[in-house]
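Q: Please zoom in on one part of this model for me, and take it slowly. I'd like to know what sits there and how it connects to the rest.

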Amino acid sequence: MAHLILGSFFLLNLAICVAYVAMRRAQRYWKRRGVKSVKGATCWGHFKGVVLARRPLRDVLRDLYERGRGQRAIGFYVFAKPFLVLRDPELIKSVLVRDFKCFANRCIAPRREDYIGYVNIFALRSPAWKLLRQRLTPVFTASKLRHMFEGIVETAAELDAHLAKLVVDDENDDDDDDDDDDRWTVVEVKELCEKFTTDVIGLTMFGMKLNALRDDESEFRREGKKHFQNSYARHLSLVSLFFMPWLARLLRISFFDADVPNFFKRVIPEAMAERAKSGAKRNDLLDAFIEIKNAYANDPDDEMRYYFQDDGLVATSIVFFLGGFEPSASMMYFTLYELAKQPDLQSRLRREILAALEVAASNDEEEEPRITYDMANGLPYLEQVCCEALRKYPLLHFLDREAEEDYELDPESGLTIERGTPVIIPMSALHMDPDYYPDPDRFDPERFSSQNLRKIPAFAYLPFGQGPRNCIGMRIGLMQSKVGLMQILSKYEVSPCRETPVPLEFDSYTLFTKSKHNMKLNVRRVRAERR
């Protein structure tokens, strides 16, 4: 018995030693290829803080990026797997645009058995991705966006009505006390913005009234929150899918929370069937889904039918819904947060919005002037504020691409990326690089003035990605954020309250840009003398 225990102990130690030697050899990959890599790799590689949710991904990527200062690219490891971080805008341009055909696919690797995760437009691989993108692109043209704009404005009016119920009305307050503290109302603006963007996406993309602003128990709101819930299990799932596919396969991890696809599998086919039966046309995403389904219903290629029937379209609808409400809401509440801390910037933006509304009022007989499409696109300072918010708080911290073949990325240094190597473009780190954005932690919309904009290299600003695989819904996403901000700031002002997180801490349980704490701000109506 003693010999058996001793032998088992020996074999266990031998296995550990062999695994350690194999890992250390694998972690010399970049050195063998003459590429600088981040020092200090452990058995976790450089990702222990992310895997264990001890540090936000934003901070880890920024640290890796900074440790590569002076290099055009730098290698790092997730366990023994080599990854390459691109730092140079020209190299980024090569990957995203110039040689896109070699980097058309993301690194994310859902299992084929995870049908909903596998066939959605975010994770789908070429050539199926290209076909789906071509079919959906016409939904997001400028003319279609104008058509959808009425739905955005309609929802903004509901946002106004909802906020009016929350905020103490002091218009008739005769108290002459100069202290206005008791007139402020504490509002959870993150929740407010997410309800607004949920209703916008429902109405403009699917022709559905979701009533998230009116009903705290709205089904769509509840299902959307599930995907962005704070839990280690959900965090590990997403980290595995992007950075540790071997673990995702081993644990049979799915791209979406298990309950989310079940809900959409019921709702979206029902909506498509009802739309097809009625014969109505809204030129929205649902119409595009019906056309795609009909186009491939009798396709002789089994693979195409596999991608483009009900469940495949449900998968993409989930991505549009989740990717539609969360990024736009995020931009809104981070913008309000920054403007609350800098009232001078807030006042300047409000003056621009009110001036545009006054011009509209003089040309319109309606009692209250409406926000128009041209107005929302024609306010230069609003554009600057939104650009700066997207710089400092991009929803995703990185873009990921996978080399489809061996590729010479940098002829000057001889850097060749082997087929299958993951390439990471750290958006949040680029956006905080002082070489491109002096004093990057400061919120300064003047960076994006017409005079300063040309100083920023084209591929050092990537809030929606670049190239053929950029964010397909970026126009409507930005538009709904602008309209929401215009609606709020035209009538209300915001300031920090005791519960406002200053300084801001980022959540380490997500791959997205998310505050660790609730986003509560003081809100009050704007009086004429304060405008």
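A: Let's start with Trp246: at 42% relative accessibility it counts as partly exposed, meaning it falls between buried (under 20% relative accessible area) and exposed (over 50%), with a 1.4 Å probe and protein chains only. Keep in mind that this is a predicted model, where local features need pLDDT of at least 70, side-chain atom pairs count only at pLDDT 80 or more, and totals for chains, interfaces and linings use all residues. Residues are numbered from 1 along each chain as its sequence is written, and side-chain values use heavy atoms, leaving out hydrogens and water.

The structure holds 28 aromatic pairs; rings of Phe, Tyr and Trp (its six-membered ring) pair if their centres lie within 6.5 Å, and planes under 30 degrees apart are stacked, over 60 edge-to-face, the rest tilted. Phe79 and Trp246 have ring centres 5.7 Å apart and planes at 85°, so this pair is edge-to-face. It links distant parts of the chain, 167 residues apart: Phe79 is in the loop between strands S1 (73–78) and S2 (81–86), and Trp246 is in helix H12 (residues 245–251). Helices (H or I, at least four residues) and strands (E, at least two) are DSSP runs, numbered from the N terminus. Phe79, at 18% relative accessibility, counts as buried.

Here's another edge-to-face pair: Tyr232 and Tyr509, 6.5 Å centre to centre with 85° between the planes. Tyr232 lies in helix H11 and Tyr509 in the loop between S8 and S9, so the pair ties together parts 277 residues apart in sequence. Tyr232 is partly exposed at 31%, and Tyr509 is partly exposed at 34%.

Now for H11 itself. This helix (residues 232–243) has 12 residues and reaches 16 Å from its first C-alpha to its last, close to the 16 Å expected at 1.5 Å a residue; that expected span is 1.5 Å times one less than the number of residues. Of its 12 residues, 10 are buried, so H11 is largely enclosed by the rest of the structure. Among them are Arg234, His235, Phe242 and Phe243. Phe242 and Phe243 also belong to one aromatic cluster, which includes Phe47, Phe76 and Phe83.

What does the record say about this stretch? The UniProt annotation "transmembrane region", from an unreviewed entry, covers residues 6–23 and 231–248; such annotations may be inferred rather than shown by experiment, with positions given in the numbering used here and feature names shortened. In the model, the end C-alpha atoms of residues 231–248 lie 17 Å apart, and the span is 89% helix and 0% strand.
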